[in-house]
Amino acid sequence: MVSPSLVPELDTPVVSSSTPPEIQPRIPEQRPFEIETLDQYRMGKIPLLVFISRESGLLPVQLPPEYAYCCLGLFFISDLNVDMDNTVIAISKTQRCERIRWRFTLNWAPGGEEGLWKNINEKSHPWWIDPVEKEAGPVKAFRDLSTLYFSFLPLDLLAGFKPSECFPRGWYCRNCGMLNAQRCFRHQICQSSMCKRKLDRGKATAIFDALICPIDSLQALRGPHHCLPIRDPIDSAPLSVGKIDSSWDNMMRNLTYQVNSGVRVHHVFTGNQGILQQDATVLLLKIQNDVILSRSDLHSPYFTWSTKLDRGSGDPVGQPEIPRLVFDIQDILLHYMQAYGEVNDANINHIMIQAWATPGSRRGAVFNAKSHVVTIICLGAEVVMNLVPKRGFAEIPIESAADHMEIDSERTLSATQLDGCSETLATAAVVVPDDRCQTGLNAANQPDPASLALGDGKAAGKGKGTGGKKSKQAPLELSVTLVHGDAIILEGDDFEYQIKRSGTTILLIGSYE
């Protein structure tokens, strides 16, 4: 460590530049703060944990380029010395200075390696000692700290990988000693060149099995209150959006939202019934096991894997880099589109698997479903997805929400032009729940929807004179809550979406590019 020593010049005659001034160097009375702190550690016999960067030039061993820093272990400061550097530096016309060099002698102390070494006998030597020097005998330690320090790394980096309990920020590789960030959703793959070479040279099956971490069951990802069946979906839509509720023989339901002319959103709803979620539960377990989901940005909560499929090849054997499971996912996505969404020209050649393990929200992404249908299946914890079509929603000015909802379920709003509005209404069938029809607000007491669409002043409450009511602003989003096994099918437009995450979830996204 180097410290400058300021030495003011005496009032002497000016000398020529060729003749260096005579300076009587001295050690400053006040030492730098860092030196004072280290000297207190020396006198108090307090150990130091020493880290060295690659650029320092003090590495005792040659390390691969992926190591930016390394920890040498615990040390005691046994001696502190100071000497003068002969280099003279001019600060100003009246001041010169020389440098002072502080030298510390460090003695290694065993301790902190017990939680890191596979072989506990290795603690008699620092890890960075050359193997030839290890054979010469144990290193004389200043003091044994093994009983005081189990590990000089935070203990959460040494804990087992249990993502459903606590998702880790990183982990320590006991094979090579590298500290890795947690880049994968359910796997821990060391990024050191030594482990990568072993992975390339070793048996692929055995090594891949060693990389797989414990996978979480559906029960581990959802609370007990989220496992109960649900009678109706928790969806909300603008008042102008029509809804058609269809059910199938297997008790699966499809709620079709007519967002705009030619723009539809299908919510395939399982009702959170286990019998309808069997395929989704199998996929949840297999994806965690067979597909390596990763993230490039450590600040992002999203882990992804995507591929473009060539349907013509058919057999996944011809594409060894694509897990066989992905083709099963493609078939299930197509089944949802054709059987429940009733999409005639269903086609998928691009699959993205996206997962997360923490709650939160994200807004601003887009599903490109204008030219080809996009299907999303939810696995795991429930997700709230807010959708906004690029073309927007059609708007109907009404007096109240009740006026809009209690309309005969067979009555259809025809496309027409609103008075004072440039947007065209989409054809939309309005479905009313049975219990709402029994409240006394029957269809006979409601304004004619055709008069609403035509802008009738009396029906819509927009007549001139006193007592006229202003039209209400429709909600800006179509909000759909997806439980395990539910799906959304988008068609007719590009949709901006917001995802509200409640826990650990995997989304399967199928599209055509």
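**Helix packing and an open sheet in a predicted model**

Helix 6 crosses helix 7 in the left-handed sense, that is, with the near helix turned anticlockwise from the far one by less than a right angle. Helices here are DSSP runs (H or I, at least four residues) and strands likewise (E, at least two), numbered from the N terminus. Everything comes from a predicted model, where local features need pLDDT of at least 70, side-chain atom pairs count only at pLDDT 80 or more, and totals for chains, interfaces and linings use all residues. Residues are numbered from 1 along each chain as its sequence is written, and side-chain values use heavy atoms, with hydrogens and water left out.

Helix 6 (residues 278-290) packs against helix 7 (residues 324-340) at about 150 degrees, the axes lying 11 Å apart; axes are lines fitted to C-alpha atoms, for helices over the stretch in contact, and angles run from 0 to 180 degrees between N-to-C directions. L283, K286, I287 and D290 of helix 6 meet L325, I329 and I332 of helix 7, a contact meaning heavy atoms within 4.5 Å.

Elsewhere, four strands make an open antiparallel sheet, ordered 12-19-14-17. Strand 12 (360-368) and strand 17 (478-482) each have a single partner strand, so one side of each lacks a neighbour in the sheet. Strands 12 and 19 (residues 494-501) pair over eight bridges, pairing requiring at least two DSSP bridges; V366 is bridged to E496 of strand 19.

As for confidence, the chain's mean pLDDT (the predictor's per-residue confidence, from 0 to 100) is 76, with 70% of residues at 70 or more. Residues 397-467 fall below 50.
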